[in-house]
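Please read them with the structure open.

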Amino acid sequence: MNADINTLLQQELHTLASQRHVHHALLGVSHLHGDLHWLGATGTANAQGEPASIHTPFHIASIDKLMTATLVMQRVEQGLLDLDAPLETCLPQTLIRGLPPLTLRHLLSHTSGLPDCYEERPAQGLSLMERVFQGELTEWTLEQVMDQVRQMKPHFAPRNPRQPGQWARYCNTGYELMNWLIEDLSQQPLHQCLQQDIFIPAGMAHSWQLGRMAAPQDSLPPADIWIDDQPLQNQVALEHFTSIYCTLDDLIRFIKALVQGQLFQNPGTLPQMLQTRHKFGFPLDRVALRAPGWPIQVGLGLQSFCVPRLFTPFHSIPEVIGHTGSTSSWVFYCPERQLVICGCVNQTRAAALPYQRVPGLLKKLKIVSPDA
């Protein structure tokens, strides 16, 4: 590996770790076909003071939405799902009663307008996420979650998900419904679908769903999630979220398998996930501040991000596709450079960090090595 690239990536790793309230940083950069494959870790992995390692598993947070979208699109390929069929044809009334007319395409593309089941507050009380973090709530059912959604007003009437450029709003609700649907269609729990249809085909030997699968025997203790300087130690509550843990290597394997077509039968499926893109807006409320916003776009579960040329007049920065998580986890693929960049700092107050650091890193890598 080029010594300059190694130095640059070490500097970037330590810059990530130097952010406020960040206790550790994990960073991976890998070329799709070339020799570049760099992994780095620094800081303490958990409240017990164990050092972070490149093999430390971490909570990928909403990167799991890209896995959910992959499972849905696999079932579309198999003829088991129709993205444009009304939800009542595939979901029970106990879950969707009171919702506007919607399709799976609305849910995948965040164009449903539904309130967020985890982050938003009903007229009276706290959000589900706040109740979890405060230790008030440790378990719940999807029916209870949807009852809470019905207590809140939609943000907008469902947009046309087939028309490019619609405004979207990030929403966990639709993805919880799709996880239920995947289990119902497959007649097996989500973790078995993940293992069978993603982890094994992609060669992800050190990934698991918390509370549903045992961690691999040779796995290191997972990294803690931090809320400012307090570790989130509500294990029971975490097990009620999808809560997938991966290592850097496994996350790289996942995105490589996805973009190289190893997870789909039809070579046109991945392009379909980006064919019609919608725009996340500017954050205008507390919840939107923690969610993806302009200039991030979303297709069918797959996000795209490119810094507008106005902000980088001297060095254009190529587009990346992938997903991020609210604990500042990320996995991006840059088609122009054929580079995968992933990482995590496990800090709930640093959700925007990937969008702040990845474009600059791409620019620096281009300057140091035009072939990178």
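1. Pockets are found on a 1 Å grid over the protein atoms alone: a pocket is an open set of points where a 1.4 Å probe fits, with protein on both sides within 12 Å along at least five of seven lines. Grid points are joined across faces, edges and corners, and a volume is the space filled by probe spheres set on the points. On that basis the second largest pocket has a volume of about 380 Å³.

2. The model is predicted, with local features requiring pLDDT of at least 70 and side-chain atom pairs counted only at pLDDT 80 or more, while totals for chains, interfaces and linings use all residues. Residues are numbered from 1 along each chain as its sequence is written, and side-chain values use heavy atoms, with hydrogens and water left out.

3. Which residues lie nearest the centre of the second largest pocket? They are Glu176, Asn179, Glu183, Arg212 and His240, out of 17 lining residues (a lining residue has an atom within 4 Å of a point). By class the lining has eight nonpolar, six polar and three charged residues; here Ala, Val, Leu, Ile, Met, Phe, Trp, Tyr, Cys and Pro count as nonpolar, Asp, Glu, Lys and Arg as charged, and the others, Gly among them, as polar.

4. Helices (DSSP H or I, at least four residues) and strands (E, at least two) are numbered from the N terminus. α6 (142–150), α7 (172–186) and α8 (190–202) each give at least two residues to the lining of the second largest pocket. The largest share, four residues, comes from α7.

5. α7 also packs against other helices. Axes are lines fitted to C-alpha atoms, for helices over the stretch in contact, and angles run from 0 to 180 degrees between N-to-C directions. Helix α2 (residues 64–77) and α7 cross at roughly 45°, their axes coming within 10 Å, which makes α2 oblique to α7. The crossing of α6 and α7 is left-handed, and α2 likewise passes α7 in a left-handed crossing (the near helix is turned anticlockwise from the far one by less than a right angle; clockwise would be right-handed).

6. Two strands pair if DSSP finds at least two bridges between them. An open sheet of three strands, in the order β3-β8-β5, has antiparallel pairing. β3 (58–59) and β5 (208–209) are its edges, each with a single partner strand, so one side of each has no neighbour in the sheet. Two bridges link β5 to β8 (residues 244–246), and Trp208 has Tyr245 of β8 as its bridge partner.

7. A nine-stranded open sheet runs β2-β1-β14-β13-β12-β11-β10-β9-β4, with mixed pairing. Its edges are β2 (37–43) and β4 (167–168), each with a single partner strand, so one side of each lacks a neighbour in the sheet. β1 (residues 24–31) and β2 run antiparallel over seven bridges, and a hairpin joins them through five residues. His24 stands opposite Gly43 in β2.

8. Two backbone details deserve a check. The peptide bond joining Trp294 and Pro295 is cis, with omega about 5°; Pro295 lies in the loop between α12 (286–289) and β10 (297–298). Ala61, in the loop between β3 and α2, has a positive phi of about 50° although it is not a glycine.

Key. Angles under 35 degrees count as roughly parallel, over 145 as roughly antiparallel, 65 to 115 as roughly perpendicular and the rest as oblique.
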